[in-house]
2 protein chains.
Amino acid sequence: MLARGGSALEWPHCKIRGATVNPSLGGIADVHFADGLFEAVRRVGNPICVGIDPRPEDLPPGFLDRYPSDRPGVARALGDFGGAVIDAVGSLAPVVKFQAAFYEVYGPEGFLALHQTAQKARDRGLIVIMDGKRNDIGSTAEAYARAYLGRAAVGDRFEPSWSVDALTVNPYLGTDGIAPFVRVAAEEGKGLFILDRTSNASAREFQDLVVDGRPLYRHVADRIAAWASPHRGTSGYSLVGAVVGATYPAELLELRLALPGVPFLVPGYGAQGGTAADVAPAFDPEGLGALVNNSRGITFAYGKPDARDRFGDDWQAAVVAAVEAMADDLARHTTAGRLRIGPSSGG
Amino acid sequence: MLARGGSALEWPHCKIRGATVNPSLGGIADVHFADGLFEAVRRVGNPICVGIDPRPEDLPPGFLDRYPSDRPGVARALGDFGGAVIDAVGSLAPVVKFQAAFYEVYGPEGFLALHQTAQKARDRGLIVIMDGKRNDIGSTAEAYARAYLGRAAVGDRFEPSWSVDALTVNPYLGTDGIAPFVRVAAEEGKGLFILDRTSNASAREFQDLVVDGRPLYRHVADRIAAWASPHRGTSGYSLVGAVVGATYPAELLELRLALPGVPFLVPGYGAQGGTAADVAPAFDPEGLGALVNNSRGITFAYGKPDARDRFGDDWQAAVVAAVEAMADDLARHTTAGRLRIGPSSGG
C-alpha cells in the first residue's frame with residue numbers, strides 16, 4: 001500500500017492558503033486494495049476477519065480493574081484489550097475490523113484508543129477495516145473518505161489521519177454518497193465495503209421491498225456492480241466491496257452471482273447464527289472473494305462454556321483457539337479450504 | 001434537559017463487574033426533546049439551524065496562520081472557528097448542527113475539537129445536533145446511541161460522553177437499526193433525525209424507487225411515523241424527526257402531510273439551491289415543526305461578493321448578518337414569521 005509520486009490529486013478545494021499542492025504527495029497506490037487483500041488471505045491461508053467490538057462488560061474478568069474508573073481509564077482498557085487481541089491473532093488472520101461505535105461511546109478518549117489500536121494492527125501487518133458505516137454527500141462524503149482512506153489538508157501538504165485500509169459505507173444516498181469514497185480509495189490503494197443485504201432481522205423492511213419485480217437490495221447491487229467495475233485489480237476483484245450477511249444464504253448466493261469481482265464482507269457467522277455452510281456461496285472456486293467476520297465469537301471466546309476448563313485465565317489462548325477452529329470450520333465447508341493447499345504449505 | 005432519578009435503566013448488559021447500576025443515575029428526562037426544541041425556536045423567534053461544517057480551505061483569510069501547520073494545529077483552528085461562530089450566533093439562532101466528518105478527518109485531535117465545540121454550544125444554551133448519520137444494529141446501534149444521546153458505562157455508573165441533544169441516523173437497516181436510538185433518546189430527553197428524502201441529486205437512485213405504487217421514501221416515512229408515534233411531547237411533536245431536503249418542495253409537502261408530529265430537519269437551503277418558499281411546506285401554521293439548516297451560507301458568509309465592502313475583515317459580522325437575513329427570508333415566505341408575533345416582542 002505504498003504511495004508513489006507524480007500524479008496530481010484532483011481535490012481542487014483542498015488547496016489551502018492558495019498554496020499549490022506538492023504533487024509528490026499525491027497518491028496513486030502501488031498495490032490495489034483487493035490484490036493486497038487477497039494476497040494476505042492466501043499468505044495466511046484463511047479468509048477470517050477478526051471483529052474487535054469491545055464492550056467493557058465483555059472484557060475478561062479483572063481486566064478493567066487495572067484501570068482508573070473514569071472515561072479515559074475505560075478507553076485505555078479498550079485500547080489495551082484490542083492490542084492484546086491483535087497480538088493473539090496477528091499471524092493467524094489476515095484482517096481485523098473495528099466497530100467504531102464501541103470506541104466513540106467513550107468520546108475523544110475512546111476515539112484516541114481506536115486510532116492507536118488501528119495503528120498497532122497495521123504495524124503488525126494486518127489489513128484494517130474501519131466499520132463505521134459512514135455516509136453523506138459531496139464534500140462531506142469526501143471528508144469521511146479522506147479521514148479514513150485518504151489524507152487531510154495540513155498546511156501546504158496532505159497527511160493521513162488514520163491507518164486503515166477500508167471503510168464500511170451505507171448506500172442510502174446514492175452515487176453522490178459513494179463516488180467520493182471510490183475516488184479517494186482508488187487514489188490511495190484503499191477499499192470500501194458498501195452495505196447491501198445486512199444480517200439483521202429487520203433488514204427486510206427496506207432492503208427486501210420489491211421494485212420492478214426485484215428486491216431493493218438487487219437494485220443496490222446493480223449500482224455496486226457499476227461502481228466496482230472500473231476499479232478491478234489484477235486479482236479480478238474490485239476495491240469496491242459489499243457487505244452481505246451470512247444469515248440469508250440464498251441471498252448470499254444470489255448476490256455472489258450478481259456481483260462477480262466484488263469482494264464480500266460477510267458478517268453474521270457465529271453469534272448471529274450463520275454457519276460455515278451458510279457462507280460457502282460467498283467464495284470463488286479458489287477460496288477467494290470473501291472475508292468472513294467473527295467478532296464476539298473470537299474476542300470473547302473465553303466466555304464459552306468449556307473455555308475455563310481448557311484455558312484457565314488465559315483468555316488470549318481462547319482467542320487463538322477460536323480463530324483456529326473457525327479456520328478449520330471454513331476450510332471444511334467452503335472453498336477457502338483450498339487456500340491451505342498452497343506452495344508454502346506443500347500440501 | 002435535566003435528568004431526574006428513580007427509574008432503572010433497561011440496559012442489562014451495561015452492568016459491568018457485576019455491580020448493580022445505581023438507579024439514581026438512570027435518566028428519565030424532565031423535558032421532552034421536541035418540547036425543548038420548539039420552546040427554543042419560539043424564544044429565539046426563528047427556526048434556523050446553523051450548520052458548522054468547517055473546512056480549513058474555507059476559513060477566513062489568515063485564520064489558519066495563527067496555528068501550527070500540523071494536525072493538532074488545524075484541529076485547534078477548527079475548534080476555535082466553531083467557537084467563534086457560536087459566539088456570533090448564540091443569541092440569534094436556536095440550534096447548531098455539527099458535521100462530524102469535517103472533524104473526523106483530523107483524527108483524534110479533530111474529534112476532540114468537535115467535543116469541545118459541542119460542549120461550548122450547549123453551555124451557550126444552544127440545542128446541538130450531531131450530524132453523524134450513524135447506523136448499525138443491535139448493541140452497536142445502542143453504543144452509538146449511548147455515545148451521542150445517552151451515557152457510557154464507567155465503573156459502576158453511567159456518564160455522558162458527549163453534550164449533544166440529537167443525532168442524525170440512516171434508516172437502511174430497518175427497525176433493528178433505529179429502535180436503540182429511539183429508546184435511549186426517550187430515556188434521556190434527546191432526539192433523532194432519520195434520513196428520509198435527502199437533498200442531493202442522486203437521492204432518487206434508491207429513495208425514489210417505486211414499491212407498490214409509492215416511492216421508497218414514502219415507505220421509510222411510514223416506518224418513521226410508527227417509530228415517532230409513541231414518543232410525542234406536549235407540543236404534539238415527537239422526539240423522532242426526519243431529514244427531508246429543501247430541494248424537492250413537492251416531496252417536502254407530501255412528507256409533511258404524511259408525517260404530522262414529526263419534526264423536520266431541512267437541509268439544502270441556500271448553497272444547495274433551496275429557497276424560503278421551497279421550505280415553506282415543512283412548517284405548521286404556528287411556524288413550528290421544522291428546522292431549516294444553513295451551513296456555508298452562514299459560516300462562510302464573509303466570502304460573498306459584497307461581504308468585504310460591508311464587513312471588512314469582521315467575518316463574524318458577516319455571520320450575524322447572514323443569520324438575520326435568513327431569519328427575515330423565512331419570516332417573509334413561511335409561517336415561521338408568526339414566531340415573531342409573540343408576547344415578548346409585542347408585535
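These legends go with several close-up views of a predicted model. Residues count from 1 along each chain as its sequence is written, and chains are lettered from A in the order in which they are written. In this predicted model, local features need pLDDT of at least 70 and side-chain atom pairs count only at pLDDT 80 or more, while totals for chains, interfaces and linings use all residues.

**View 1. Chain A at a glance.** Chain A comes to 13 helices and 14 strands; helices (H or I, at least four residues) and strands (E, at least two) are DSSP runs numbered from the N terminus. Of its 347 residues, 60% are buried. Buried here takes 20 or more other C-beta atoms within 10 Å of a residue's own, exposed takes 12 or fewer, and partly exposed is in between, with C-beta atoms placed from the backbone. Take the contacts in chain A between residues at least 6 apart in sequence: 72% of them join residues at least 24 apart. A contact means C-beta atoms, placed from the backbone, within 7 Å.

**View 2. Where chain A meets chain B.** Here 65 residues of chain A are in contact with 65 residues of chain B. On the chain A side, helix α5 (residues 138-148) gives the most, with seven residues. That side splits into 32 nonpolar, 18 polar and 15 charged residues. For these classes, Ala, Val, Leu, Ile, Met, Phe, Trp, Tyr, Cys and Pro count as nonpolar, Asp, Glu, Lys and Arg as charged, and the others, Gly among them, as polar.

View 3. Skipping residues up to four places away in sequence, F181(B) touches A141(B), A145(B), L149(B), L167(B), V169(B) and L192(B).

**View 4. Helices α5 and α6 of chain B.** α5(B) (residues 138-148) and α6(B) (residues 175-188) pack at about 35 degrees, their axes 8 Å apart. Axes are lines fitted to C-alpha atoms, for helices over the stretch in contact, and angles run from 0 to 180 degrees between N-to-C directions. Residues making the contact include A141(B) and A145(B) from α5(B), and P180(B) and F181(B) from α6(B). By class, the contact has five nonpolar, two polar and three charged residues.

View 5. V74(B) sits in helix α2 (residues 71-89) of chain B and is buried, with 27 other C-beta atoms within 10 Å. Beyond its neighbours within four places in sequence, V74(B) is in contact with V154(A), P56(B), Y67(B) and Y106(B).

**View 6. Helix α8 of chain B.** Among the buried residues of α8(B) are L216(B), R218(B), I224(B) and W227(B).

View 7. Most residues other than glycine have a negative phi. K133(A), in strand β5 (residues 127-134), has phi near 50 degrees and is buried, with 29 other C-beta atoms within 10 Å. D212(A) has a positive phi of about 50 degrees, but lies in the loop between β10 (210-211) and β11 (214-215) and is exposed, with 9 other C-beta atoms within 10 Å.

Methods. Contact = placed C-beta atoms within 7 Å.
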